Amino acid sequence: MGDKARNLASSIFENKIVTAVIAVVLVLLLAGAVDAIANNGKAYGNVSINGMDVGGMNKEQMKSALEQSFGERVKATEVTLNADEQSSSASSSKELSGESDRDLLAESVEPEYSEKTTTWMATADSLQAGFDYDAAIDEAMAAGRAGGPFGRLALMLTKADVPMDVRFDGKSFESLASNIDKSIGDTRVDATAIIEDGEARVLPGRDGKMVDRNWLDSELKKAFMSEQNKVSLVVSAVPAASRTSTEQAQAACDAINRALDANVTFTYQSSNWSPDHNDLASWTRVNVVTDNGNSRLEIVIDPSVASQDLVKGLNATVSSDDVVVKFEVNGDDVRVHTSGSGMIPEIDSAIKELEDKLYGENGYGWNTKVSPDIQIAVGQTDAPESLTFDEALSLGLITVIGEYTTEFSDYEGTENRNHNIKLCADLLNNTVAEANGGVWSFNDHTGDTNQDPPFASAGSIVNGEYVDSVGGGVCQVATTVFNAVYEAGLEVKMRFNHTLYIASYPDGRDASVNYPDRDFIWINQLPSDVLLKTSHTDTSVTAQLYSVYTGYRVETEEGTWEEGAKFGTSFETDANLASGQYYQKKNGKDGKKYSVTRYVYDKDGTLIAKNLFTSDYTPEDEVFVVGPGTDTSKLGSHAAAEAATATGSDASLNGGATSIY
């Protein structure tokens, strides 16, 4: 065969190959197009999430399948963390060494060592574990769709698996790690700058031993993603060096002390305000920042503190004339919605500008050539249609319109009462009274507080007597919320005083509840929603009401105590006493009445409400313990008084004494 013939044959063969390839590609592309149409709104075949096939599923189906598979698995998992033998032995003999160490730790993060704690439990609830289902689903839906038909073609030839890791709440995770450190480790101290009495000073660093956070996070994720419901891990404390140096801390102190003497003036519309030295000090925070293994001290202005002072100083609070808000609550997450109209001050931008001018690369704190006179103009912007609670607070869009705190004891024997107080406060937290007449009911939000569990038996007042009953202590939370509502100037629809007078509350300003009949109800007459936030410490409970600034001013006219019903006498029989013997177990108290008047003024000083709150407290009987067959007709304060009147003698009893007569 000649060259021409061979070349012709080769060309024909190559053309056939090209034609065949094109045909195959066209077929695949056509199949991909048909597949794309068939899978519109669904994940393509060959797509999985964490190894679970989701091909052909829509978003709702994927989320349901993921929650059932991974969500249920995580909820059922319990991880037991045990200290290794060396750390366990060390924890039993741990002592702080040297007075200087004690002083140092007292100023920073003194460990609360527990000599016997060498085992910890981690659950989905304790770590607030969860998944970002939506992000994984969106990535699964995008697989094979990027790059058009060729992207789909690539997916037909290979598989795509989207990773989805369990995530832990940062604070909950750190709390677990810190508890381990305190028991078997020695928490390091980073060299830093601390501010006391308006001046920054160096806090020296100190090396320690701590559980490795990256290791702990990785191992916990593996445990929660495993097929086992119960997993055990062995934890140990490893050397943890101070991440910053004394030199870095001293440089930060010098910058802060210089910056605190700056002359700062904020301007908003026609208002000017200048924070003083102590204001700037209270706003300043120092954080340790680590980038690529290198740590440094970062000086910032805390907007959660500065924004409130700035809003008040400039009188720049947004009012109901400017904007109205609605609160959307989803678990612990609170979002604030507006109509998108109305103007608000750009507080965050002003604070960031101050931070940059004080502590930025060329800020006054670091640069002696920069002028100490700092002028910041606070601008205005349209109210966002939706933002987080913290964002709304920092912008002055919402503010506290009423708050109150009451205190309680924390000692042996008060555990149940304190449990009830804290549980009740948690149930009421982030509850909302809607705008323009929304009704808020204590009982509706807490449910039946007489149920055990979740409530426990504790001291309470029932039918005019101090007894133990389920839910004891919840009235303190009701009283706290009532006083916050009182201070906010909001309308109270239903409120009962306690049967007996309690001196620890403001006179005439207590609130008693008892599910389902005795409720505390208030009404939100404002054009914006009102959000109730309740919080607690070991010895106090606080209620705060948030809404758009009202400008309301509340004044109280105290009343005078009036006589109420007289106390009576009751008797208890004690078989150990002889007939005719008795002693007084409890003094009696007459009932009494008290009234307070609340005056509510609007921001223009106009009286808009005058409310009378009346309390009628029940008398407390005196109680005598008597022997069987004792004649009680002449016992008791009132009987003695009558006898004294008849005989002209002093026949009063030894009030409150326990002597046996």
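## A facing pair of residues

Glu403 stands opposite Gln544, a residue of strand 29. That is a handy place to start looking around this predicted model. Strand 29 covers residues 540-547, and eight bridges join it to strand 21 in an antiparallel arrangement.

## The sheet around them

Strands of a sheet pair through backbone hydrogen bonds, either parallel or antiparallel. Here the sheet is an open one of four strands, ordered 21-29-28-22, and the pairing is antiparallel. At its edges are strand 21 (399-407) and strand 22 (431-433), each of which pairs on one side only. From one strand to the next, the twist averages 20°.

A helix also belongs in this picture: helix 15, residues 415-428, lies across strand 22, strand 28 (530-536) and strand 29. Helix 15 runs at about 155° to strand 28.

Now over to another element, helix 10. Its 14 residues (246-259) should span 20 Å at 1.5 Å a residue, and the end C-alpha atoms are 20 Å apart, which agrees.

Which residues of helix 10 are buried? They are Ala249, Ala252, Cys253, Ala255, Ile256 and Ala259. These residues cover an arc of only 165° around the axis, so they sit on the same side of helix 10.

What do the buried residues of helix 10 pack against? Their partners include two helices, helix 11 (277-283) and helix 13 (347-359). Strands take part as well: strand 6 (192-196), strand 7 (199-203), strand 13 (284-291) and strand 14 (294-301).

Conventions. Residues numbered from 1 in each chain as written. Predicted model: local features only at pLDDT ≥ 70, side-chain atom pairs only at ≥ 80, totals over all residues. Heavy atoms only, no water. Expected span 1.5 Å × (residues − 1). Buried < 20%, exposed > 50% of the residue type's maximum accessible area, 1.4 Å probe, protein only. Arc of directions from axis to C-beta. Contact = heavy atoms within 4.5 Å. Pairing = 2+ DSSP bridges. Axes fitted to C-alpha atoms, helices over the stretch in contact; angles between N-to-C directions.
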